Amino acid sequence: MFESQLNLVVDPYDTAHSSLVIHLQGEFDKIGLTSIRDKLEVALSSFTGKYLVFDIGDLNFINSEGIGYLIGVYTHVVNISGVFCIVGAKAHVQDVFETLGLWNIIKHPASIEACYTI
Amino acid sequence: MNFFRRSFAAKVFGILFLLGVFLASGLLVVKNVYGYSVIDTTWILYGLAGLFLVVIFIFWIQVSRPLKAIIVQMEALITGHEYKKFFTDRIDEVGVIAHFFNEITRNLHKFTGKLAEGERMANELDVASKIQRDILPVEAPQVPGLIISAKTRPAAEVGGDSFDFLTVKNATYMYIGDATGHGVPAGIVMTIVNTLVYAYAETSQNLLDLMVNVNRHLKKRIQKTLFMSMLMLKWDHLTKQMSFVGAGHEYILVYKAKSGLCEAIPSGGIALGMVEDNSKIIKEVVLPFEEGDMVILYTDGIVECRDMSGQLFGVERLKTAIAKYASQYSPELSIQKVASDVGTFMNGHQQDDDMTLMMIKHVGDQKVEQSKLSLATAWTEA
């Protein structure tokens, strides 16, 4: 039976850019979210910097549960006057963001470094 | 002393030992003081009879009576009658049985409480599911110039997929929506959206205005992690024009009768509930829709269903299936055929998300009577 899996890597806080980069790998659905939620919330709860970057270059799938969670994070970051960026989305993951119209509100520069110019 | 408290047998032996010592002492006293021995068979028999009675009495007081009381309560428990707990500080065998009974009844009470709570929640879920079923139309409408068929199959007790049809003056509005995930939260979002669509359909200036109003009021009422993608179609009865507004939904598929091909048009916009004001992001678009063509709306449960190896059904498979069936069958039969293809593809894999499919065929000025069965929205496979 197929089981989805999601892994999370949180880079150390970058004081030079006031940024936190989070790498997501695998499949971001309800099961995936459950497996990383605690670790992700620990990382997000202490975030007070400017840039929160989700590197989803190794994300193979995302559904509405994953999108819903990211929208929640986006709203939180915007409310604390931060910048929320998503980088490295694969073509089919880009399609999901495109379909839902998320690129209308979420910044998605070509690289992590490019986020810092926003 | 603890040994005697823990064991009833030790208590009996202890008492018998004391009685034996008392009796032997008595015999020695009689022999030494009065100078004769009372070792007589009759006295021994009296002594044994007396001991036997004492043992019986102790056994009745210490074992038989409390055990009988426990058994009465056990019978009451088993037969579903009211039962009582035991209050005792005994820690011997009888005490252990009494404490065991108390523990069992306590756990049973806890378990029964959880069972009742689970039953109550299941009943509430049934009610929520019924409310949702009552909101979704049980059959598609008969609209001049169109044949409409829609089928839905929720994944959980309460689904997040939604669709409906409403006619206001000379226009029919048809929408399909998909709230985040499924289950109760998704069901609540779709219920709010459905209510808002009905509330604003009559008063909104146009399709765009309707979607802006629905979004503005939805955003105020839901958590930031919830949203709903939607595609709203408007069929003008007089001009025979089909237009749509997309709110971050899947592609609109259009089957072109002339070419026999199925085109995928991005719905555009942004899902409802994501931003406070979507007026600058969404737009109304007129669809290229001629007689014989079919418009197909679907939710992601169809294109994101998986086979046993984890592979997705995908938009391309859906387009291919539609192109194959739309030329031969009515919208209702085409949906059944697609549903069958989806079922074959999944091959027993669990349905993870709600599935909804709507097909609308342009029939020009033909008058087509549809049966109750063909208008029904319950999901069936060919």
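In chain B, the loop between strand 2 and strand 3 (171-179) contains B:Lys169, where helices (H or I, at least four residues) and strands (E, at least two) are DSSP runs, numbered from the N terminus. The model is a predicted one, in which local features need pLDDT of at least 70 and side-chain atom pairs count only at pLDDT 80 or more, whereas totals for chains, interfaces and linings use all residues. Residues are numbered from 1 along each chain as its sequence is written, while chains are lettered from A and ligands numbered from 1 in the order in which they are written.

Although B:Lys169 is not a glycine, its phi is positive, at about 55°. B:Lys169 counts as exposed because it has 9 C-beta neighbours inside 10 Å; by the criterion applied here, a residue is buried if 20 or more other C-beta atoms lie within 10 Å of its own, exposed if 12 or fewer, and partly exposed in between, with C-beta atoms placed from the backbone. A positive phi, near 55°, is likewise found for B:Lys240, also a residue other than glycine, and B:Lys240 belongs to the loop between strand 4 (228-236) and strand 5 (241-247) of chain B. B:Lys240 has 16 other C-beta atoms within 10 Å and is therefore partly exposed.

Strand 2 (residues 161-168) of chain B includes B:Thr167, which counts as partly exposed because it has 15 C-beta neighbours inside 10 Å. When residues up to four places away in sequence are not counted, B:Thr167 touches B:Pro141 and B:Thr172, a contact being scored if the C-beta atoms of two residues, placed from the backbone, lie within 7 Å. B:Thr167 and B:Glu202 are separated by 35 residues in sequence, and their C-alpha atoms are 9.4 Å apart in space.

In strand 9 (residues 294-298) of chain B, 5 of the 5 residues are buried, so this strand is largely enclosed by the rest of the structure. B:Met294, B:Ile296 and B:Tyr298 point one way from strand 9 of chain B, and B:Val295 and B:Leu297 point the other way, all of them being buried. Strand 9 of chain B runs antiparallel to strand 6 (residues 252-256) of chain B, to which it is joined by 3 bridges; strands are taken to pair if DSSP finds at least two bridges between them. Within this arrangement, B:Val254 stands opposite B:Val295 of strand 9 of chain B. Strand 9 of chain B also pairs with strand 10 (residues 355-362) of chain B, in the antiparallel sense and over 5 bridges, and there B:Ile296 has B:Met359 of strand 10 of chain B as its bridge partner.

Strand 10 of chain B is in turn paired with strand 1 (residues 146-153) of chain B, again in the antiparallel sense, over 8 bridges, with B:Ile147 opposite B:Lys361 of strand 10 of chain B. Strand 1 of chain B is mostly covered, 8 of its 8 residues being buried. Its buried residues are B:Leu146, B:Ile148, B:Ala150 and B:Thr152 on one side, and B:Ile147, B:Ser149, B:Lys151 and B:Arg153 on the other.

The largest nonpolar core holds 107 residues, of which B:Val193, B:Val295 and B:Ile322 touch the most other members; such a core is a set of buried Ala, Val, Leu, Ile, Met, Phe, Trp, Tyr and Cys residues joined through C-beta atoms within 7 Å. Strand 3 of chain A gives the most to this core, with 8 residues. With residues up to four places away in sequence not counted, B:Ile322 touches B:Leu253, B:Tyr255, B:Cys262, B:Ile296, B:Ser334 and B:Val338.

In chain A, 4 strands form an open sheet of mixed pairing in the order 1-2-3-4. Strand 1 (6-10) and strand 4 (83-87) of chain A are the edge strands, each pairing on one side only. Strand 3 (residues 51-62) of chain A pairs with strand 4 of chain A in the parallel sense over 5 bridges, and A:Tyr51 stands opposite A:Val83 of strand 4 of chain A.

The contact between the chains takes 21 residues from chain B and 15 residues from chain A.
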